[in-house]
Amino acid sequence: MRKPALITSPFPDPAQTARTLGIPAARRRRLEQMLADLWASESDSETRGTPPGARVAAKRGALPRRRPNKTR
Amino acid sequence: MVPRRETRKRTRSPNRKAFLNVPYDSDYEPLYLAFLAGLCGLGLTPQATVQLPGSQRRLRRILGLIRRCRYSFHDLCRVELDPSPPQTPRFNMPFELGLAVAWEAVAPSSHRWFVFEAVPHRLQKSLSDLGGTDVYIHDNKPSGVLRQLANALSRPRRQPTVKDLEWIYEDLCEFARRLKDDLHTDSLFEARAFNELVFAAQAIARRRLFGARAARSLR
């Protein structure tokens, strides 16, 4: 198997990508609001408080792995 | 007095563009979203022929697009006959793969291509000229696409796990459903939907990999 391609460039800035793709500022704000609504609905749903990745695990029938609470 | 020559360093932005060569049909939509989620999760910016405007000759535009991309991803899973009459196989995807192969041969340091398929060993029959090439088999499943993208690409820092990519994919699917409503369209294989999905996938990836604060700092 060929070695994986190594990506050394930093992660792209979505705002920069929006400009490059010609997404107007008003439309970008609308898309950002749609994302914010999406994430808000997620946190309001039954998955509130579950660690990242738990939704996928829960869908597969596995129990979500709890993160150690460092404050205790 | 000799005027001092202005020495201005030109900083070139890194080329993160990834040409996506996939079927454009509604059955393929989950895998299409998986490619967008996976590529954005790995820090790339997908590009596709759906973005091309219609004024120039199509072949020239496709060539230009491939040349501008550092990577290309070709899914050759549609080898069956297209059922709409007259029944024909689709040659666009293998043709565009051929263009990418030729471009890498001309400029090896500028381009790298990857081939995906749904069924193991089928490519040896459908395109035997690619014998000896690593083919990434996704089993027609979004999770397969994400797994194979993680096999094909790596990052020295903040390498996302397949679980990270699955999370990004889930959020992108939900966003795509809302985007269809917002754009009053049934198809995501259009320039505007494609561009907005790329923007959203990058924002979702940033939130997943760097936290909610990084996502908020987009504004």
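Colleague: Buried means under 20% relative accessible area, exposed over 50% and partly exposed in between, with a 1.4 Å probe and protein chains only. So what does B:Arg192 count as?

Modeller: B:Arg192 counts as partly exposed, because its relative accessibility is 48%. Before we go on, this is a predicted model, where local features need pLDDT of at least 70 and side-chain atom pairs count only at pLDDT 80 or more, while totals for chains, interfaces and linings use all residues. Residues are numbered from 1 along each chain as its sequence is written, chains are lettered from A and ligands numbered from 1 in the order in which they are written, and side-chain values use heavy atoms, with hydrogens and water left out.

Colleague: Thanks! Which residue does B:Arg192 form a salt bridge with?

Modeller: With B:Glu196, where the closest N and O atoms are 3.2 Å apart. A salt bridge here is a side-chain nitrogen of Lys or Arg within 4 Å of a carboxyl oxygen of Asp or Glu. Both residues belong to helix H7 (residues 191-210) of chain B and sit 4 residues apart, about one turn of the helix. Helices (H or I, at least four residues) and strands (E, at least two) are DSSP runs, numbered from the N terminus.

Colleague: And B:Glu196, buried or exposed?

Modeller: B:Glu196 is buried, because its relative accessible area is 3%.

Colleague: Which residue of chain A does B:Glu196 form a salt bridge with?

Modeller: A:Arg27, with the closest N and O atoms 2.7 Å apart. There is a network of salt bridges here too, linking A:Arg27, A:Arg30, B:Asp182, B:Arg192 and B:Glu196.

Colleague: How many salt bridges does the rule find across the interface of chain A and chain B?

Modeller: It finds 3 across that interface, and the count over all chains comes to 15. Polar contacts join 13 residue pairs between chain A and chain B, both residues at pLDDT 80 or more. That term means a pair of N or O atoms within 3.5 Å; within protein, one must be able to donate a hydrogen and the other to accept it, and residues adjacent in sequence count only if both atoms are side-chain atoms.

Colleague: Which element gives the most to the side of chain A that touches chain B?

Modeller: Helix H2(A), with 14 residues.

Colleague: What area is buried between the two chains?

Modeller: About 4400 Å², with carbon and sulfur atoms giving 58% of that. Buried area is the accessible area (1.4 Å probe) that two parts lose on being put together, summed over both. A:Arg2, A:Ile7 and A:Phe11 supply 18% of the area that chain A buries against chain B, more than any other three residues. The contact, meaning heavy atoms within 4.5 Å, takes 41 residues from chain A and 52 residues from chain B.

Colleague: What pattern does chain A follow along the sequence?

Modeller: Chain A reads β-α-α-α, with 3 helices and 1 strand. Of its 72 residues, 36% are buried.

Colleague: Changing topic to strand S1 (residues 17-21) of chain B: why is it largely enclosed?

Modeller: Because 4 of the 5 residues of S1(B) are buried, the strand is largely enclosed by the rest of the structure.

Colleague: Which strands does S1(B) pair with?

Modeller: On one hand, 3 bridges join S1(B) to strand S2 (residues 45-47) of chain B, and these run parallel; B:Lys17 stands opposite B:Thr45 there. S1(B) also pairs in the parallel sense with strand S3 (residues 71-75) of chain B over 4 bridges, with B:Tyr71 as the bridge partner of B:Ala18. Pairing here requires that DSSP finds at least two bridges between the strands.

Colleague: Last one: which residue does B:Arg158 form a salt bridge with?

Modeller: B:Asp164, with the closest N and O atoms 3.9 Å apart. B:Asp164 counts as buried at 6% relative accessibility, whereas B:Arg158 is partly exposed at 34%. Another salt bridge joins B:Arg147 to B:Asp139 at 3.7 Å, N to O; B:Arg147 is partly exposed at 36%, and B:Asp139 is partly exposed at 39%.
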